[in-house]
Amino acid sequence: MNLSVKIGTAVFPNPVTVASGTFGHAEKYFDLEEVKKLGAIVPKTVTLLAQKGNPPPRIVETASGMINAIGIENPGADVFIAEKLPMFKKIGVPLIISVLGHSDEQFLALIEKFNKVDGIAAIELNLSCPNLKHKVLVAQDPASTERVVSQVKKLSRHPILAKLSPNVTDISDIAAAAEAAGADGLSLINTFTAMAINTKTRRPVLGNLTGGLSGPAIKPVALHMVYRTAQRVKIPIVAMGGIRSTNDALEFLIAGATMVAVGTFNFVNPRAPLEALEGLKAYMKDNKIKDIKELIGSLQI
Amino acid sequence: MEKIQNKFRVVANEKLCPRFYRLSLDAKSLVKAIKPGQFIHIRVKDSLEPFFRRPFSVYRANKTADIFYEAIGPGTKILSEKKKGDELDILGPLGNSFSLPPKGTKTVVMVAGGIGVAPFLIFSDSLKNKGYDLILLYGARTKGHTFNMKDFKKNGCKVYVATDDGSVGVKGRVSQLFSKIPLDPKTTFLYTCGPNPMMAAVQAFAKENNLAGQASCEEVMACALGACLGCSIETTGGYKTVCYDGPVFDLQEVKFH
Ligand SMILES: Cc1cc2nc3c(=O)[nH]c(=O)nc-3n(C[C@H](O)[C@H](O)[C@H](O)COP(=O)(O)OP(=O)(O)OC[C@H]3O[C@@H](n4cnc5c(N)ncnc54)[C@H](O)[C@@H]3O)c2cc1C
Ligand SMILES: Cc1cc2nc3c(=O)[nH]c(=O)nc-3n(C[C@H](O)[C@H](O)[C@H](O)COP(=O)(O)O)c2cc1C
Ligand code: FES
């Protein structure tokens, strides 16, 4: 049975990974033998300079999901490379490093830093963080997306994934712009801008007023966005948005995704990605599928 | 390495007073591993509602691992309906633990508000017969929030109670009981757990009197593994996660709002 997939020149042993910002401290909490089975690991987004994050409360649960406004709290690229990356590398699973720049220059500076680092499979550009106070996100404008991705592509020695925001009219327009700019793959979707109100105090629940909705609540919308995008572009898609089970993972693969990531549901069931992987193998065996590529985009209409 | 995620069976789930329940789990690996002040993260139901797990301090770990909880919302209500033999999906032990009192400590004072008393039974289990004077100051809203504290007394704790309505013990907030705290910074060490306004009062009192201590904090949690950075609170050292850097912090380090 062949489960391996490719994005640009990067090869992954299987299509199951974790979404940025939802996986950490593997060395302390998880059975590393189990974590080693993942197809890839995507650490939390790293910015050029350290960010302290948003004021609490930063999360609230919703019907079948959650809203978060973490504010990309991270130690900055240099500290990440010096202190966190060695631990991630030790796990031995291909790494997709998520980066976010507040300007084109910052994106390029980040790429330069990671060009000097070995042991990375690919770079994911977080073009879609809804928590920082820009008017329009890069991922909400095809021209900006094309501009950032093409500059990054010229500089990077690693394959580039563009991570897109669902807070747009037609996500496939942005996807097409990223493809035209030379992206090796796409990650979709990030979270939907959302809010919650405390009716006792009539104040917003989140310290940041708004946040991003994720979890099973967004899965059907994410699935449609992945399907629509897969119809339009040829580059591989890493799909995420509410995935919690084998069946969810299968739906996204059949809709055209090359890889699937478990995000929010890691918080409910930390073994969800591994269970989805086991289930995927069982499904392939039961259906006599020898290569995962037979499954990808196999939707019958 | 011990697995962090396990299924454990409920051995008992009893109402100990009108507001509080004690749930005991057949969880040998937890009993062995848990340190006073640590917590567990419980999936109260195998469904999407409620969505998050719920965090609870471990109340006691002898034969069984016990939690002591107040049924205040949908998650804790579901928990209160669990029966002997039911299975629960649990992450734990999680977080740091109370440090031992510094050298020279004679009096350990635990200041608890409401269900914040939970981590202090396992803590007093670990401190008994060690030569400390143990004092528990317990503040509760009403009589319904008070319970038989014989387990604390058996551990040698001197227990003082205050209720908001005066139905049990002294009338007023737990701060009415601060007069019981020996004011010698060299020999008194404080621990507190409860609502933020109460812990803020303990912090102010400690500062005024140069007493050192630790506070066990709460915040809404998603992962409880230090991964999502969702449970951060403000400290003098910047934002820190309650689940991974805490729940126990230096008393003066936390900025209570
Ligand atoms: C480290 C830690 C230890 C705890 N130990 C205990 C304990 O020993 N006994 C006990 O009864 N309770 C304890 N709590 C609080 C307990 O987790 C909440 O009372 C419980 O989650 C409420 O869930 P609910 O669905 O019944 O209520 P709801 O109010 O409906 O909960 C809604 C949301 O708010 C969160 N929430 C509500 N109250 C609190 C709170 N005080 N702190 C943090 N999050 C909260 C819930 O987790 C949930 O996400 C602890 C909390 C933390 C963080
Ligand atoms: C707490 C939290 C933190 C997140 N942090 C990041 C981040 O740092 N970078 C990023 O690209 N996406 C981040 N995301 C978005 C997820 O990677 C994912 O795209 C989104 O949540 C949808 O997938 P899900 O429904 O499976 O979580 C975060 C999501 C959550 C819930
Ligand atoms: S709850 Fe996720 S970091 Fe604490």
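# Cavities and ligand sites

Student: How do the residues of the lining of the largest cavity divide into nonpolar, polar and charged?
Tutor: On a 1 Å grid over the protein atoms alone, a cavity is a set of points where a 1.4 Å probe fits but cannot get out, and a lining residue has an atom within 4 Å of a point. Ala, Val, Leu, Ile, Met, Phe, Trp, Tyr, Cys and Pro count as nonpolar, Asp, Glu, Lys and Arg as charged, and the others, Gly among them, as polar. The lining of the largest cavity then holds 15 nonpolar, 17 polar and three charged residues.

Student: Which pLDDT do local features need in this predicted model?
Tutor: Residues are numbered from 1 along each chain as its sequence is written, chains are lettered from A and ligands numbered from 1 in the order in which they are written, and side-chain values use heavy atoms, with hydrogens and water left out. In this predicted model totals for chains, interfaces and linings use all residues, side-chain atom pairs count only at pLDDT 80 or more, and local features need pLDDT of at least 70.

Student: How much space lies in the largest cavity?
Tutor: Grid points are joined across faces, edges and corners, and a volume is the space filled by probe spheres set on the points. The count comes to four cavities of 30 Å³ or more. The space in the largest cavity is about 470 Å³.

Student: Which of the residues that line the largest cavity lie nearest its centre?
Tutor: Helices (H or I, at least four residues) and strands (E, at least two) are DSSP runs numbered from the N terminus. In chain A, β6 (65-68), β8 (122-126), β16 (259-262) and α9 (265-268) each supply at least two lining residues. The lining has 35 residues, and nearest the centre are Ser20(A), Thr22(A), Asn68(A), Asn190(A) and Thr191(A).

Student: Residues from which chains surround ligand 2?
Tutor: A residue counts as near a ligand if one of its heavy atoms lies within 4 Å of it. There are 22 residues around ligand 2, and Ser20(A), Thr45(A), Gly215(A), Gly242(A) and Thr264(A) come nearest. The site is shared between chains, because the residues that surround ligand 2 come from chains A and B.

Student: How much of the accessible area of ligand 2 does the protein cover?
Tutor: Oxygen atoms of ligand 2 lie 2.8 Å from a polar side-chain atom of Lys44(A) and 2.6 Å from one of Thr264(A). Accessible areas come from the Shrake-Rupley method with a 1.4 Å probe. On its own ligand 2 has 600 Å², and the protein covers 98%.

Student: Which strand supplies the largest share of the shell around ligand 1?
Tutor: The shell around ligand 1 has 21 residues, and residues from chains A and B surround ligand 1, so the site is shared between chains. In chain B, β4 (54-57), β6 (65-70) and α2 (74-80) each supply at least two shell residues. The largest share, four residues, comes from β4(B).

Student: With which side chain does the side chain of Asp291(A) make a polar contact?
Tutor: Asp291(A) lies in the segment after α10 (272-286) of chain A. A polar contact is a pair of N or O atoms within 3.5 Å; within protein, one must be able to donate a hydrogen and the other to accept it, and residues adjacent in sequence count only if both atoms are side-chain atoms. At 3.0 Å, the side chain of Asp291(A) makes such a contact with that of Asn2(A).

Conventions
On a 1 Å grid over the protein atoms alone, a cavity is a set of points where a 1.4 Å probe fits but cannot get out, and a pocket is an open set with protein on both sides within 12 Å along at least five of seven lines; lining residues have an atom within 4 Å of a point.
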